[in-house]
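The following paragraphs walk through a few local features of one model. Please keep the sequence and the coordinates at hand while reading.

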Amino acid sequence: MIRVTGLSKKFDQLTVLRDITCEINDGEVISIIGPSGTGKSTFLRCLNLLEKPTGGHIFIDGEDIMVKGANIPKLRQKMGMVFQSFNLYAHLTVLENLTLGPMKLLGKTKGESEARGADLLRLVGLSDKAQNFPDELSGGQKQRVAIARCLAMDPEILLFDEPTSALDPTMVSEVLAVIRRLAKEGMTMVIVTHEMEFSKNVSNRVFYMDEGVIFEEGTPGQIFDHPQKEKTKAFINRIRGFEYTVETETYDFYAMNGAVKTFCEKYLPPKMVRNILLLTEELTMLQTPPYTLAVEYFEKKDGVTITLKSDTALVDPFKEGNETDEISAAIIRNYVEKATSARQNGRYVLVMELRAK
């Protein structure tokens with residue numbers, strides 16, 4: 001239904017999209033995920049030419065909408081778009097918001113438009129709000145009306161640009177429930193979202209976007225459970241990382257300690273922060289510089305790892321017969337659930353998964 005080849009977009013000297021090529025098939029639900037500022041919304045807006053691409057081609061049902069003379073309004077009618085903000089006409093009732101487009105652009109009669117509008121309000125659970133004005137609705141209700149308004153134009157494709165980002169958390173589920181129902185009914189949809197669990201459950205395929213490209217794509221199982229690329233893994237697991245390199249024996253321990261504390265306090269409870277500070281102190285006392293200390297917080301599984309890397313052998317407090325301070329070793333073991341040591345790319349690596357305390 002949609003085929004994109006070599007799509008690019010620049011704003012002055014800033015390149016937002018780089019050589020994007022993809023296909024979206026009839027009846028598919030595609031979720032687009034990725035960090036903020038990586039071109040997800042721009043890509044969506046380029047699909048219906050709300051933003052004019054700098055280069056490339058977009059084919060809708062085999063017709064290139066980028067060529068000179070293309071009937072853009074007609075092609076655009078095949079796509080409905082739901083924005084972060086609801087964009088409802090404040091001076092019109094809910095039903096009037098749904099009937100205006102079909103009457104003006106599709107040539108439908110008032111009776112036909114109102115009958116269709118009533119059906120759509122039942123679909124989104126808002127039949128009793130037909131004569132209300134938008135300012136009488138909650139945020140979730142407004143977004144459901146916005147979806148119904150798109151459907152009133154009988155689109156073949158729906159584009160959603162973070163449809164729940166402007167909503168109170170208590171209202172998110174009602175909007176996602178409507179989108180989930182449309183997916184079951186076979187509507188082709190492209191959804192930019194930060195709702196990872198929803199994306200995993202509703203999508204046929206997931207695009208992970210980063211640096212203006214589709215960095216990785218696959219089924220929800222592939223992207224969320226078995227991502228192949230490091231950036232995808234970091235995003236899916238919500239890895240927050242901190243690294244500190246100890247160069248010499250005379251390094252500033254207090255500066256390192258303060259840096260570790262500042263990082264940990266952003267994500268972890270005070271007791272966990274104290275445990276990590278004690279653990280890093282004992283670990284660093286055992287090692288001979290130079291080496292690198294890394295602390296990583298995995299938001300998805302709410303876990304913390306501490307990793308030591310060095311070009312020379314590390315003192316491993318978990319290895320039997322290793323010459324080490326037994327008191328330090330006992331303290332370290334008390335806070336570590338699992339430890340593994342290995343050689344990676346010629347370096348010695350010790351990875352410790354902390355106990356949840």
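Asp154 sits in the loop that links helix H5 (139-151) to strand E7 (157-161); helices (H or I, at least four residues) and strands (E, at least two) are DSSP runs, numbered from the N terminus. This is a predicted model, in which local features need pLDDT of at least 70, side-chain atom pairs count only at pLDDT 80 or more, and totals for chains, interfaces and linings use all residues. Residues are numbered from 1 along each chain as its sequence is written, and side-chain values use heavy atoms, with hydrogens and water left out.

Asp154 is not a glycine, yet its phi is positive, near 50°. Its relative accessibility is 38%, so Asp154 counts as partly exposed; buried means under 20% relative accessible area, exposed over 50%, and partly exposed in between (1.4 Å probe, protein chains only). Past strand E7, the loop that runs to helix H6 (169-184) holds Glu162. Glu162 also has a positive phi, about 45°, without being a glycine. With 14% relative accessibility, Glu162 counts as buried.

Another loop, between helix H11 (270-286) and strand E12 (291-298), contains Gln287. Gln287 is buried, at a relative accessible area of 5%. Leaving aside residues up to four places away in sequence, Gln287 touches Leu308, Leu314 and Val315, where contact means heavy atoms within 4.5 Å. Towards Val315, the side chain of Gln287 reaches the backbone nitrogen at 2.9 Å. Pro290 is placed in the loop between H11 and E12 as well, and the peptide bond leading from Pro289 to Pro290 is cis, with omega near 0°.

The remaining feature is a helix pair. The axes of helix H3 (residues 94-105) and helix H4 (residues 110-123) come within 9 Å and cross at roughly 130°. Axes here are lines fitted to C-alpha atoms, for helices over the stretch in contact, and angles run from 0 to 180 degrees between N-to-C directions.

On the H3 side, the contact is made by Val94, Leu95, Leu98, Thr99, Pro102 and Met103, which meet Lys110, Ser113, Glu114, Gly117, Ala118, Leu120 and Leu121 in H4. The residues of this contact divide into 8 nonpolar, 3 polar and 2 charged; Ala, Val, Leu, Ile, Met, Phe, Trp, Tyr, Cys and Pro count as nonpolar, Asp, Glu, Lys and Arg as charged, and the others, Gly among them, as polar.

How values were computed: A polar contact is a pair of N or O atoms within 3.5 Å; within protein, one must be able to donate a hydrogen and the other to accept it, and residues adjacent in sequence count only if both atoms are side-chain atoms.
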